[in-house]
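This briefing concerns the sequence and structure shown below. It is arranged by topic for reference alongside the coordinates.

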Amino acid sequence: MKFTKYIAASMIALAGLTSCGDSFFDTEYTQHLDESAAGEAAGKNPDVFLNGMWSWMVTYSQTNSGAHDDFGYMGSLHATDMMGQDISMGAAHWFQYDYQLDNRLEAYRRTKCHWTNFYTMIAKSNEIISLYPEGGETVSQKGLLGQAFAIRRLSYMHLIQLYQFTVDASGNINSDAPGIPLMYVSADGKTDEEIAAAKGRNTVKEVFAQIESDLLKAVENLEAGYTRPSKNYVDASVANGFLARYYLLSQQWEKAAAAANKARAGYTIMESNASGLYDGFVTVNNVEWMWGFAHTTETQTAYASFFSMISNLAPGYAGIGYAPRLIDAKLYSQIPEDDGRKKWFNGPEGDASQPTTGAQLPYANIKFGHLSDWTENYMYMRAAEMVLIEAEAYAHLNQGAKAAEVLKVLMSKRQPSWNKATVTVEDVYLQRRIELWGEGFSFYDLKRLNKGIDRTYEGNNHLPSFDIKVDAQDVRWTYQIPLSEIQENTLISEDDQNP
């Protein structure tokens, strides 16, 4: 089976897919417009650019591989989620190599999927930024620019964590470690020489600086009066949510707490009822969702989709029993009986009353539901995450009482009996693992907190040969740069490759 990974990589190379060179700037929705026409189109209908962005983020088989584990942004999030401790596979199928932490090498398809996904998002963002080299003048233009800066930052933040350790073995920011290419345009105020030079491996410190710069510009533009037409779009609350994520990653705790608090203002933590905690996480209309994608019958990708893989209630790969998604048994045991989130999962006895094979299994998750036409919405950000960021930031500041006060905003809706006077970083981390299960955070939390995984404990429910132990800072936590990039980018050689 492993041979198929090399075959797929070879087919990709033969297809002549783009590296992070100029060809990343060729995008389907503006490639036939000159600069004047592109600007006119943006002025008349900015959505033509943003819709291209949102469409790309849910596109199936972005690397032309035809594989059902390549379905855009959520595909990247799920691939990394499978590398953690908290999701167990009921059977080996799609994402099994990710689950085994054996899908990171330069010739493998997964690293190409990540690279293509995020650098294309950056290219699409740069097209928008290039339209307004002097900055936006109208609220609409500022809204367009703000979203472009936000998505460019989102992409860099994922890439730097995928392709480097952002903290060293002591837990300090790994500032001087080689990072990733930065794709500037002249509208960034860079010379041609600076733009060209940045296509090498910039340090973690340099990448962090660009992420923060983009986010501050995003917030500034989006706070200038922009109102989004739907949750498909990024507004100021979402941009502040990105800023909170970045400050948490870069260990700027006070700023993380402030940004997270600002981001969640105006949102309500969902209740433990059918229209809240148990609605299957299928609709952006949920009061807690801050940003997502509302699929239609034209955009849904059925079997090649996030819900096909994560939802045991959907008739996809998980539901029909090819690869059900289960919660790690030890994590399940740490959820109190009076915590409403325990109902997201079967217990060790399973549940024969469930409608699908996957959903009947012991420890099967029933957190994620299914709509009959496969139009389940994709969730990218929700207010509960912001509460958790704010609480963790205060815990890092040794303000345990303040952290507990913030965390209670969430816990009062999940476990009403919860009433801790003080909490630690580990307390908040446990709540992140429970609350955000399956949503794409596990890998990134493990790396930024310098943690490993241990699926070898007695009574574990991981598949044989997948019940592995991987320590923090193990080479398996970092992807190699795709072989095609090494071959095509003159500023990155084999000597620059990750171990």
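Buried means under 20% relative accessible area, exposed means over 50%, and partly exposed lies in between. By that cut-off Y119 counts as buried, because its relative accessibility is 1%. The model is a predicted one.

**Aromatic pairs**

- The structure holds 29 aromatic pairs.
- One of them joins Y73 and Y380 in an edge-to-face arrangement, with 5.2 Å centre to centre and 75 degrees between the planes.
- This pair links distant parts of the chain, since Y73 belongs to helix 4 (residues 73–81) and Y380 to strand 4, 307 residues apart.
- Y73 counts as buried because its relative accessibility is 1%, and Y380 likewise counts as buried, at 6% relative accessibility.
- W115 and Y119 form a tilted aromatic pair, with 4.7 Å centre to centre and 50 degrees between the planes.
- Both W115 and Y119 lie in helix 6 (residues 109–131), where they are four residues apart, or about one turn of the helix.
- W115 has a relative accessible area of 1% and is therefore buried; Y119 is buried at 1% relative accessibility.
- A cluster linked by ring pairs comprises F281, F306, F307, W344, F345, F368, Y378 and W437.

**Strands 2 and 4**

- Strand 2 (residues 289–293) is largely enclosed by the rest of the structure, because five of its five residues are buried.
- Strand 2 pairs with strand 4 (residues 378–382) in the antiparallel sense, over four bridges.
- Within this pairing, M379 of strand 4 is the bridge partner of G292.

- S155 is located in helix 7 (residues 139–162).
- With a relative accessibility of 0%, S155 counts as buried.
- Leaving aside residues up to four places away in sequence, S155 touches F118, M121 and I122.

**A nonpolar surface patch**

- Y303, I320 and Y322 make a nonpolar surface patch of about 280 Å².
- Y322 is found in the loop between helix 12 (306–310) and strand 3 (325–327).
- Y322 is partly exposed, because its relative accessible area is 44%.

Conventions. Residues are numbered from 1 along each chain as its sequence is written. This is a predicted model: local features need pLDDT of at least 70, side-chain atom pairs count only at pLDDT 80 or more; totals for chains, interfaces and linings use all residues. Side-chain values use heavy atoms; hydrogens and water are left out. Patches are made of residues with over 30% relative accessible area and no salt bridge: like charges are joined within 9 Å, nonpolar side chains (Val, Leu, Ile, Met, Phe, Trp, Tyr) within 5 Å. Accessible areas come from the Shrake-Rupley method with a 1.4 Å probe; for residues, only the protein chains shown count as cover. A salt bridge is a side-chain nitrogen of Lys or Arg within 4 Å of a carboxyl oxygen of Asp or Glu. Helices (H or I, at least four residues) and strands (E, at least two) are DSSP runs, numbered from the N terminus. Buried means under 20% relative accessible area, exposed over 50%, partly exposed in between (1.4 Å probe, protein chains only). Contact means heavy atoms within 4.5 Å. Two strands pair if DSSP finds at least two bridges between them. Rings of Phe, Tyr and Trp (its six-membered ring) pair if their centres lie within 6.5 Å; planes under 30 degrees apart count as stacked, over 60 as edge-to-face and the rest as tilted.
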